[in-house]
Each structure stands twice: as structure tokens, then as C-alpha cells.
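Subject: Structure handover and what turned up in it

Hi,

Here is the structure I promised to pass on to you. Have a look at it first, and then read on for my notes.

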Amino acid sequence: MANNKVAALVEKLVTIGLADMGIELVDVTYGKEGGRWFLRIFIDQPGGIGLEDCQRVSEYIDPLLDEHDPIPNAYTLEVSSPGIERPLKKTADFERFTGRQISLNTFAAVAGKRKFKGLLKMVDNQAVTLEVDGEQLIIPMEQIASAKLVAEF
């Protein structure tokens with residue numbers, strides 16, 4: 001739970017500055033892997049993210065984190081693109097990717113299932129509409145545990 005607090009604090013610290021740079025903050029994660037702590041910042045922008053963008057964001061974030069010191073231990077900062085199967089976290093993410101294939105997991109069963117893969121048809125603040133096997137399912141936003149784009153080739 002403390003890891004989520006660190007991620008939330010970092011998100012609050014960097015969101016406005018990144019927006020001023022024309023960069024969207026997609027996600028922040030903080031956790032321990034193999035005995036080391038990692039702070040991962042996932043960013044995006046129209047046209048995609050390149051190495052130079054990651055470096056520019058890292059150079060912006062690093063002194064900000066040093067100044068506010070929201071992380072209690074040594075860590076490695078990683079800044080990257082969310083990738084082809086980017087997570088969908090906010091209502092705006094779902095709106096942006098309406099018409100795309102997504103995979104979605106729910107906290108509780110909806111129509112007898114918790115895992116879905118289908119076409120994102122519609123979204124509002126209350127629910128997403130997903131077309132799965134020709135049927136439309138309405139999934140309440142508060143039931144969505146995770147969602148991400150599905151790579152289409």
C-alpha cells in the first residue's frame with residue numbers, strides 16, 4: 001500500500017510540468033524487484049515517444065524528486081513509453097481509444113466473466129461499452145480492475 005502512496009505523490013508532483021511540456025503522464029509505478037526499488041514513469045504524446053523525450057522527462061523529474069524527496073529509499077528511475085499495449089487508466093484514455101480492441105479485467109464477474117477482450121464501442125464517466133463476439137456489454141467503470149490496448153497487426 002505504501003508503494004501506491006509513493007506513486008500517487010510522484011504523479012501529483014510531475015503531472016502539470018509534463019503537461020506543460022506536451023507530454024501525457026500515462027502511469028507511475030513504484031515497486032521492488034530483485035532486491036532493488038524502481039520508480040517507473042510511463043509517458044506518451046501524439047506521434048509517440050522517442051529516446052530524447054524520455055531523457056528530457058528524466059532530466060525534468062530527477063531534480064524535482066530530489067527537491068521534494070517523496071521516496072524513502074534508494075531507487076532507479078525509469079522513464080519510457082507505455083508500449084503498444086498501453087494501459088487505459090482514465091476516462092480520457094478510453095475515449096481516446098474508442099474503436100480499438102482492448103482487454104479488460106473486472107473486480108467482480110460481469111455477465112458471468114471477469115476477463116474480456118473486444119472492441120471498445122463507447123465510454124462515459126459511468127461505464128464502457130465493449131463489443132464481445134457480436135454482443136454489447138456495459139461494464140461499470142468502478143468494476144474495471146485493469147484495461148489495456150490489444151496490439152493489432
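Predicted model: local features only at pLDDT ≥ 70, side-chain atom pairs only at ≥ 80, totals over all residues.

Asp93 sits in helix α3, which covers residues 91-96. Its side chain reaches the backbone nitrogen of Lys89 at 2.8 Å. Not counting residues up to four places away in sequence, Asp93 touches Glu24, Arg86, Pro87 and Leu88.

**The chain as a whole**

The fold has three helices and eight strands, and their order along the sequence is α-β-β-α-β-α-β-β-β-β-β. The C-alpha trace spans about 50 × 35 × 30 Å along its principal axes. Of the 153 residues in the chain, 38% are buried. Among contacts with a separation of 6 or more, 54% are between residues 24 or more positions apart.

**Helix α1 and Leu18**

Leu18 belongs to helix α1 (residues 2-20). With a relative accessibility of 0%, Leu18 counts as buried. Which residues does Leu18 contact, leaving aside its neighbours within four places in sequence? They are Ile23, Leu25, Ile43, Val57 and Tyr60. One of these, Val57, is also listed among the buried residues of α2. For a distance you can check quickly, Leu18 and Gly31 are 13 residues apart in sequence and 22 Å apart in space, C-alpha to C-alpha.

**Helix α2**

Helix α2 runs over residues 51-68 and so has 18 residues. From its first C-alpha to its last it reaches 26 Å, close to the 26 Å expected at 1.5 Å a residue. The buried residues here are Asp53, Cys54, Val57, Ile61, Leu64 and Leu65. Why do the buried residues of α2 line one face of the helix? Viewed down the helix axis, they fall within an arc of 105°, and therefore they line one face.

The face turned away from the buried side of α2 carries the exposed residues Leu51, Glu52, Glu59, Asp66 and Glu67. After the helix comes Asp69, which has a positive phi near 45°.

**Strand β2 and Arg40**

Arg40 is in strand β2, residues 36-44. Is Arg40 buried or exposed? Arg40 is buried, because its relative accessible area is 19%, and the class is defined as under 20%. The side chains of Arg40 and Glu33 are joined by a polar contact of 2.7 Å. Arg40 also lies over the face of Phe38, at 4.6 Å from the ring centre.

Beyond its neighbours within four places in sequence, Arg40 is in contact with Asp27, Val28, Thr29, Glu33 and Glu78. As for Leu65, Arg40 is 25 residues from it in sequence and 13 Å from it in space, C-alpha to C-alpha.

**The aromatic pair**

How many aromatic pairs does the structure hold? There is one. The ring centres of Tyr30 and Trp37 are 4.9 Å apart and their planes are at 15°, so the pair is stacked; the cut-off for stacking is planes under 30 degrees apart. Tyr30 counts as buried at 8% relative accessibility, whereas Trp37, at 22%, counts as partly exposed.

**Positive phi in two loops**

Two loop residues are also worth a look in your viewer. Ala111 has a positive phi of about 55° although it is not a glycine. Ala111 lies in the loop between β4 (101-110) and β5 (113-123), and it is exposed, with a relative accessible area of 63%.

Asp133 has a positive phi too, of about 50°, and is not a glycine either. Its place is in the loop between β6 (127-132) and β7 (135-140). At 76% relative accessibility, Asp133 counts as exposed.

Conventions
Residues numbered from 1 in each chain as written. Heavy atoms only, no water. Helix = DSSP H or I, 4+ residues; strand = E, 2+ residues; numbered from the N terminus. Polar contact = N/O pair within 3.5 Å; in protein donor to acceptor, adjacent residues only side chain to side chain. Contact = heavy atoms within 4.5 Å. Phe/Tyr/Trp six-rings, centres within 6.5 Å; stacked < 30°, edge-to-face > 60°. Buried < 20%, exposed > 50% of the residue type's maximum accessible area, 1.4 Å probe, protein only. Lys NZ or Arg CZ within 6 Å of the ring centre and 35° of its normal. Expected span 1.5 Å × (residues − 1). Arc of directions from axis to C-beta.
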